[in-house]
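Dear colleague,

Please find below the structure that I am handing over to you. My notes on what was found in it follow directly after it.

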Amino acid sequence: MQLTTVGKEVWRAARQAERLDQAGAEDPVVSERLRELRLVEALRKRGASWSEVQSLVGISRATYYRYKQRLKEEGLGGLKPKSRRPRRLRRKVYWTPDLLVKVETLRKQNPTWGRWPIWLALSKRGFQISERTVGRILHYLEQQGRVESVASFLARSRRGGMGKARRRTRRPYARRKPRSYSVNQPGDLVQVDTLTVTLGPGEVVKHFSAVDLYSRFS
């Protein structure tokens, strides 16, 4: 039997085909992007503007140069679609049962408290936790049905007996202004309003305002 060797050109062609295959030459996306690059170069040589190139080929000037730079630096592999997965993913945080119980208890004791008052109460008790984390815990507890959202509590309070009892309460010191009453000079009518703001456990601020409806002096 006589053995012969293949020529160098055949070996080179085989190695080139293997490299192209590994780089993704058979990938339809890579082939399409190569075709787009060649079309853009041919159109630009004929003097076509970038707006014409984009309407004919479908890629912008920035995309063309990005593909060209990737091809130059990485070869055909640079034309493969890049993964859009973020490099740093937020790791799921598991809260301690004690912390969950504390947040749940504070919300049930104070149904209108948001994340800030609860965070303040926990900080005073020695918990090292951020306000955003408290918000995530509240969201988790609401999804699990363990606590009621503030909006749901307020809506239920308005529909329930609490609102009816408030409407039945008489306030002799507050009287409705007659429709025919006109304000002609400063001091004729003063609008008074009060507001209670709960900053945290045991921290309540009372806001009082009085506005003269004629001069708008407050």
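How many aromatic pairs does the structure hold? The structure holds five of them; rings of Phe, Tyr and Trp (its six-membered ring) pair if their centres lie within 6.5 Å, with planes under 30 degrees apart counted as stacked, over 60 as edge-to-face and the rest as tilted.

Before the details, please note that this is a predicted model, in which local features need pLDDT of at least 70 and side-chain atom pairs count only at pLDDT 80 or more, while totals for chains, interfaces and linings use all residues. Residues are numbered from 1 along each chain as its sequence is written, and side-chain values use heavy atoms, with hydrogens and water left out.

Tyr64 and Tyr65 make an edge-to-face pair, with 5.1 Å from centre to centre and 70 degrees between the planes. Tyr64 is buried at 6% relative accessible area, whereas Tyr65 is partly exposed at 41% (buried means under 20% relative accessible area, exposed over 50%, partly exposed in between, with a 1.4 Å probe and protein chains only). Ring pairs also join Trp50 to Tyr64 and Tyr65 in a cluster.

A further pair is formed by Trp95 and Tyr140, which counts as tilted because the planes stand at 55 degrees and the ring centres are 5.8 Å apart. Trp95 belongs to the loop between α4 and α5 (97-109) and Tyr140 to helix α7 (residues 131-143), so this pair ties together parts 45 residues apart in sequence. Both are partly exposed, Trp95 at 23% and Tyr140 at 30%.

Turning to the helices, these and the strands are DSSP runs numbered from the N terminus (helices H or I, at least four residues; strands E, at least two). The protein chain has nine helices and two strands. Helix α2 (residues 28-45) packs against helix α4 (residues 61-74) at about 115 degrees, with the axes 10 Å apart; axes are lines fitted to C-alpha atoms, for helices over the stretch in contact, and angles run from 0 to 180 degrees between N-to-C directions. Residues making this contact (heavy atoms within 4.5 Å) include Leu34, Leu37 and Val40 of α2 and Tyr64, Tyr67 and Leu71 of α4.

In helix α6 (residues 115-124), the buried residues are Pro117, Ile118, Leu120, Ala121 and Leu122. Gly126 follows α6 and has a positive phi, near 95 degrees. Of the 218 residues of the protein chain, 21% count as buried.

Yours sincerely
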